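Here's a quick tour of a model, written for someone who likes cut-offs spelled out. Have the sequence and the 3D view open as you read.

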Amino acid sequence: TGAIGLYNLGHSCCLNSLLQVFLMNIHFTGILRRITVPPCAVQRRSNVPYQMLLLLEKMQCGKCKAVRPIELACCLSAHRVELFVQHDAAQLFLHLWNLIKKQMKKLELVEELSDLYTICIQEHLACQNCSFEIKNNSSMLTLPLPVLDSSSHKLKTLEDCLQYFFHPEELTGQNMCFCQQCGRKTPFLQSMKLVHLPQTLTIHLKRFCFEKSSYIHKLRHYLPFPQDLDFNEVLTENQCQADDSEKATWQYGLFAVVAHSGSTSCGHYCAYIQSLTECKWYCFNDSEVCQVSWDDVKCTYGHSNLQWGETAYLLIYMRKHPQ
């Protein structure tokens with residue numbers, strides 16, 4: 001099953017949780033196993049994909065309940081990933097992924113890695129006085145979903161968060177844009193349209209927000225997310241920019257949840273991951289790994305009154321029907 005724990009090296013719960021999510025994904029490890037091994041010892045020590053591969057083999061071959069990711073941690077430290085400090089899981093995930101992609105030598109593996117994780121969005125600006133439009137496609141590694149609307153009201157479900165993210169916004173008053181066709185600033189309609197979803201989709205619930213005092217506040221309120229997610233049922237036609245063959249692949253099943261407990265200054269991460277070979281859920285809490293139920297995973301929906309309670313921070317969905 002690969003359900004082996006990782007010892008905490010000192011504030012490494014965030015790193016451990018993300019490593020488990022990477023290494024339990026058989027699509028990712030299928031790419032990892034085909035990397036080019038660096039020729040000399042110095043290069044091998046500083047190569048993140050290679051050190052992840054060694055860790056994977058140690059986890060699969062060892063008879064211990066947990067292993068120490070010391071060599072990988074030292075490798076990451078050489079690439080300016082700080083050790084023994086609290087990390088933000090969304091930021092560290094981006095940093096890790098960029099390091100992995102940068103150090104893969106085979107171009108076909110770099111392309112496969114990008115295809116596996118990259119989301120494509122079209123940013124759309126339309127002048128409300130004339131027909132002038134600006135369209136730009138952009139790629140992102142995670143879908144960053146607000147959990148509050150513009151009036152600071154709590155969004156009630158993951159589907160509500162998705163609808164809000166892709167909902168058009170009117171740019172008026174001080175937010176007006178310069179229209180080349182009108183020759184002046186005019187009201188614009190700004191919208192995001194979904195173009196492409198990857199095989200492994202990572203959703204970032206933006207539960208950490210800045211208050212007016214510049215204090216980072218954690219939003220703990222209840223926010224349920226489904227085991228099965230069909231984007232065709234959540235988004236409207238106007239919120240998509242894709243053909244029918246692309247939309248046919250937009251059915252997903254939940255694969256993992258990276259959950260955060262505690263406060264912004266003193267917190268802890270763990271990962272709930274469904275084994276793709278057994279279809280059983282496991283909780284990876286550093287060196288402790290145990291089988292759990294879906295009801296246990298649902299405990300990460302959040303609760304405003306529980307200061308130390310777990311809340312889902314990253315949701316990783318897996319495409320149900322690969323292209």
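## Around Gln-274

Leaving aside residues up to four places away in sequence, Gln-274 touches Leu-254, Phe-255, Cys-279, Lys-280 and Trp-281, where contact means heavy atoms within 4.5 Å. Gln-274 sits in strand 15 (residues 267-274); helices (H or I, at least four residues) and strands (E, at least two) are DSSP runs, numbered from the N terminus. At 19% relative accessibility, Gln-274 counts as buried. The labels work like this: buried is under 20% relative accessible area, exposed is over 50%, and partly exposed is in between, with a 1.4 Å probe and protein chains only. Gln-122 is 152 residues away along the chain from Gln-274, and their C-alpha atoms are 31 Å apart.

A word on ground rules: this is a predicted model, so local features need pLDDT of at least 70 and side-chain atom pairs count only at pLDDT 80 or more, while totals for chains, interfaces and linings use all residues. Residues are numbered from 1 along each chain as its sequence is written, and side-chain values use heavy atoms, with hydrogens and water left out.

## Cysteines

How many disulfides does the structure hold? It holds 0, taking a disulfide as a pair of cysteine sulfur atoms within 2.5 Å. For Cys-279, the closest cysteine sulfur is in Cys-290, 18 Å away, which is too far for a bond.

Is Cys-279 buried or exposed? Cys-279 counts as exposed, at 57% relative accessibility. Cys-161, on the other hand, is at 0% and counts as buried.

Helix 1 is largely enclosed by the rest of the structure, because 11 of its 11 residues are buried. Among them are Cys-13, Cys-14, Asn-16, Ser-17 and Gln-20.

In helix 7 (residues 107-117), the buried set is Leu-109, Val-110, Leu-113, Ser-114, Leu-116 and Tyr-117. Looking down the axis of helix 7, these residues fall within an arc of 160°, so they line one face of the helix; the arc is that of the directions from the helix axis to the C-beta atoms. Leu-107, Glu-111 and Asp-115 are exposed on the other side of helix 7. The buried residues of helix 7 pack against helix 1, helix 2 (26-32), helix 6, strand 3 (119-127), strand 4 (133-140) and strand 10 (200-206).

Which residues of helix 5 (residues 70-78) are buried? They are Leu-72, Ala-73, Cys-75 and Leu-76. Their arc around the axis is only 160°, which puts them on the same side of helix 5. The cover over these buried residues includes helix 1 (13-23), helix 3 (41-45), helix 4 (48-61) and helix 6 (89-103).

Next comes Arg-80, which follows helix 5 and lies in the loop between helix 5 and helix 6. Arg-80 isn't a glycine, yet its phi is positive at about 65°. At 75% relative accessibility, Arg-80 counts as exposed. Phe-84 is in the loop between helix 5 and helix 6, with a positive phi near 60°, and it counts as exposed at 54% relative accessibility.

## Helix 4 against helix 6

Helix 4 and helix 6 pack with their axes 8 Å apart, at an angle of about 105°. Axes here are lines fitted to C-alpha atoms, for helices over the stretch in contact, and angles run from 0 to 180 degrees between N-to-C directions. Helix 4 and helix 6 are therefore roughly perpendicular to each other, a label covering 65 to 115 degrees (under 35 is roughly parallel, over 145 roughly antiparallel, the rest oblique).

In this contact, Val-48, Pro-49 and Met-52 of helix 4 meet Leu-99, Ile-100 and Gln-103 of helix 6. The contact residues divide into 5 nonpolar, 1 polar and no charged. Ala, Val, Leu, Ile, Met, Phe, Trp, Tyr, Cys and Pro count as nonpolar, Asp, Glu, Lys and Arg as charged, and the others, Gly among them, as polar.
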